[in-house]
Amino acid sequence: MNKIVEIKNMTKKYFTKKALDNLSLEIDAGKIVGILGPNGSGKTTLIKILTGLLRQTEGEVFIDKHKVGVYTKSIVSYLPDRNFLYKWMRIEDAGQLFKDFYPDFDEQKFAELLAFMKLEKNMKIDTLSKGMMEKLNLSLVLARNAKLYILDEPIAGVDPVARDQILDAIINNYHENSSMLITTHLVRDMENILEEVVFLKEGKIVLTGDTETLRAEKGKQIDDIYKEVFASEEE
Amino acid sequence: MEFDSHLPIYMQIMHVIKNRIVSGQLRGGDKLPSVRDLAKEFKVNPNTIQRCYQELERENLVFTQRGLGTFVTEDLEAIKTLKTKMAHELTQNFIEQMKKLGFAPQEIIKIISDRINRRHDDE
């Protein structure tokens with residue numbers, strides 16, 4: 001099977017502290033993979049390396065068989081966990097910005113996503129609620145025809161209706177030739193759309209596997225396994 | 001839908017579809033929803049639905065036509081067999097639970113027949 005992400009023995013040190021410790025991970029095309037772990041477990045560092053914002057200290061990282069660089073940035077669509085748009089913009093300006101930046105931005109797809117999310121082109125960014133903002137950001141990110149989508153906490157702080165719309169949009173835009181990597185604290189809300197999960201603890205993978213297999217083996221939902229794995233963690 | 005944590009989700013969705021077939025909600029030859037639509041309905045990974053359809057196909061309850069979709073079997077005998085099998089499973093579960101509560105077989109039969117007769121009088 002075609003591998004979208006290949007990470008081999010990767011370590012990231014901040015001075016002497018290891019944020020990621022000898023991490024190896026492969027993600028096949030067509031998979032939606034959840035990266036689960038508490039704050040400080042290394043999730044954000046991992047994302048920053050995949051998006052090219054940070055460089056690993058040791059080991060190798062390939063996305064679609066290329067080292068992280070200009071090419072991989074063109075095929076990775078990233079939803080940050082904070083707002084990245086200017087307040088003066090309208091939704092259509094945000095679309096234009098993405099179109100200018102990313103050749104794979106699909107305007108048709110963006111229009112469909114906006115309609116699905118019940119957002120209007122002429123809405124001003126600074127009038128959007130948190131849920132609407134999250135839906136807009138996700139629409140922008142999913143409107144790209146990328147190979148790897150990285151969604152950092154896509155449903156954090158949104159109401160249940162917006163959450164369902166976001167989950168539907170993710171399912172709708174799932175494509176067997178691309179992969180999605182999703183980080184979340186809201187394991188219960190997300191676990192059914194994840195095909196594989198990776199539990200990250202202090203920069204190491206402590207548990208990973210197919211979600212259905214893990215559920216069957218442990219006789220528990222992923223949410224309960226999460227609580228078990230991280231029970232001793234103080235956040 | 002709330003899923004039971006003890007069983008893989010694809011099996012639980014298989015069960016829902018079998019229920020729809022046996023109850024006549026889905027009839028022989030009917031087209032099943034697309035993988036993506038059913039994934040949205042249950043809010044699960046599309047590959048979970050794919051697996052569910054594959055297993056149903058293995059059990060000869062559905063068949064796939066390339067490019068057209070997945071359909072409920074037209075073999076009415078197979079649907080009837082499924083209905084009987086599901087009835088047996090339900091009954092078996094019920095009997096086991098009643099035994100755990102300490103009821104003897106004769107008592108169980110009496111409880112069921114009383115219940116059915118009462119239901120009959122109500123109508």
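A residue is called buried if 20 or more other C-beta atoms lie within 10 Å of its own, exposed if 12 or fewer, and partly exposed in between, with C-beta atoms placed from the backbone. Everything below comes from a predicted model, in which local features need pLDDT of at least 70, side-chain atom pairs count only at pLDDT 80 or more, and totals for chains, interfaces and linings use all residues. Residues are numbered from 1 along each chain as its sequence is written, while chains are lettered from A and ligands numbered from 1 in the order in which they are written.

**View 1. Chain B as a whole.** Of the 123 residues in chain B, 22% are buried. The radius of gyration of chain B (taken over C-alpha atoms) is 18 Å, whereas a compact globule of 123 residues would be near 14 Å, by the rule of 2.2 Å times the number of residues to the power 0.38. Along the principal axes, the C-alpha atoms of chain B fill a box of roughly 55 × 30 × 25 Å.

View 2. Chain B holds 5 helices and 2 strands, in the order α-α-α-β-β-α-α along the sequence. Helices (H or I, at least four residues) and strands (E, at least two) are DSSP runs, numbered from the N terminus. Domain 1 covers 9-74 and domain 2 covers 84-122 of chain B, with bounds from an automatic or database domain assignment. Their C-alpha centres lie 31 Å apart.

**View 3. Helices α1 and α4 of chain B.** Here, the axes of α1(B) (residues 9-22) and α4(B) (residues 76-100) come within 10 Å and cross at roughly 115°. Axes are lines fitted to C-alpha atoms, for helices over the stretch in contact, and angles run from 0 to 180 degrees between N-to-C directions. B:Lys18, B:Ile21 and B:Val22 of α1(B) meet B:Ile79, B:Leu82, B:Lys83 and B:Met86 of α4(B); contact means C-beta atoms, placed from the backbone, within 7 Å. By class, these residues are 5 nonpolar, no polar and 2 charged. Ala, Val, Leu, Ile, Met, Phe, Trp, Tyr, Cys and Pro count as nonpolar, Asp, Glu, Lys and Arg as charged, and the others, Gly among them, as polar.

**View 4. Where chain A touches chain B.** Chain A gives 17 residues to the contact and chain B gives 14. On the side of chain A, α6 (160-172) and α8 (211-218) are the elements that give two or more residues, and α6(A) has the largest share, 4 residues. That side has 7 nonpolar, 4 polar and 6 charged residues.

Note on methods: Contact = placed C-beta atoms within 7 Å.
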